[in-house]
Amino acid sequence: MRTVERIREMTPPPMTEKDLEMARVAQRCIMEALDHSRAAQITLTTDTGEHPAIALPPASLKFIGQLLGAMSEGQLITLVPADREFTTVEAANFLNVSRPCVIKEIEAGRLKHRMVGTHRRIAFEDLIAYARQMREKQVAALDRLAANAQELGLGY
């Protein structure tokens, strides 16, 4: 029997100002601890005042700190397994483009993929690399546009 991966999209409840501030403080504490020591453990305090200690690798503490930082800024967060493959529809949604645009990029050789029968699959790491390249090209084009505007004295 084939196992089908189910993807559940979960929208977290809106965070209150108090929640956002708690996330900011926790993020600062974790990052400062990592900057000044080889911190590998955090202590949690429960409502009853208990202090269980949890040992974690420093890399996971850094990740938790980054996650809290994003949460405190109100950013939406999506966790995706690194070995996940996307369909062309999912890739289009991820890139915020149309499916035909994704197909065109695949056929032009700009977006890596593999065939599964007659279906295209795009590895997450290839999708991220493509998105990064496109962002770099956009920034370079905007820089050229700004430079041209300055040369022409358009006040940009």
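Predicted model: local features only at pLDDT ≥ 70, side-chain atom pairs only at ≥ 80, totals over all residues.
**Ground rules.** I number residues from 1 along each chain as its sequence is written. Local features need pLDDT of at least 70, side-chain atom pairs count only at pLDDT 80 or more, and totals for chains, interfaces and linings use all residues, while side-chain values use heavy atoms, with hydrogens and water left out.

**Overall.** I looked up the secondary structure and found five helices and five strands; these are DSSP runs numbered from the N terminus (helices H or I, at least four residues; strands E, at least two). Along the sequence the pattern reads α-β-β-α-β-α-α-β-β-α. Of the 156 residues, 17% count as buried (under 20% relative accessible area, 1.4 Å probe, protein chains only).

**Strands.** I then checked S5 (residues 119-123), which is antiparallel to S3 (residues 85-86) through two bridges. Strands pair here if DSSP finds at least two bridges between them. Phenylalanine 86 has isoleucine 122 as its bridge partner in S5. S4 (residues 114-116) also runs antiparallel to S5, with three bridges, and valine 116 stands opposite histidine 119. Two residues separate S4 and S5 in a hairpin, where glycine 117 in the turn has a positive phi of about 70°.

**Helix H3.** Next I turned to H3 (residues 88-95), where Thr88, Ala91, Ala92 and Leu95 are buried. Seen down the axis, the buried residues fall within an arc of 100°, so they line one face of the helix; the arc is taken from the directions from the helix axis to the C-beta atoms. Their cover includes S3, H4 (99-107), S5 and H5 (124-151). Asparagine 96 follows H3, with a positive phi near 60°.

Definitions and conventions
Buried < 20%, exposed > 50% of the residue type's maximum accessible area, 1.4 Å probe, protein only. Contact = heavy atoms within 4.5 Å.
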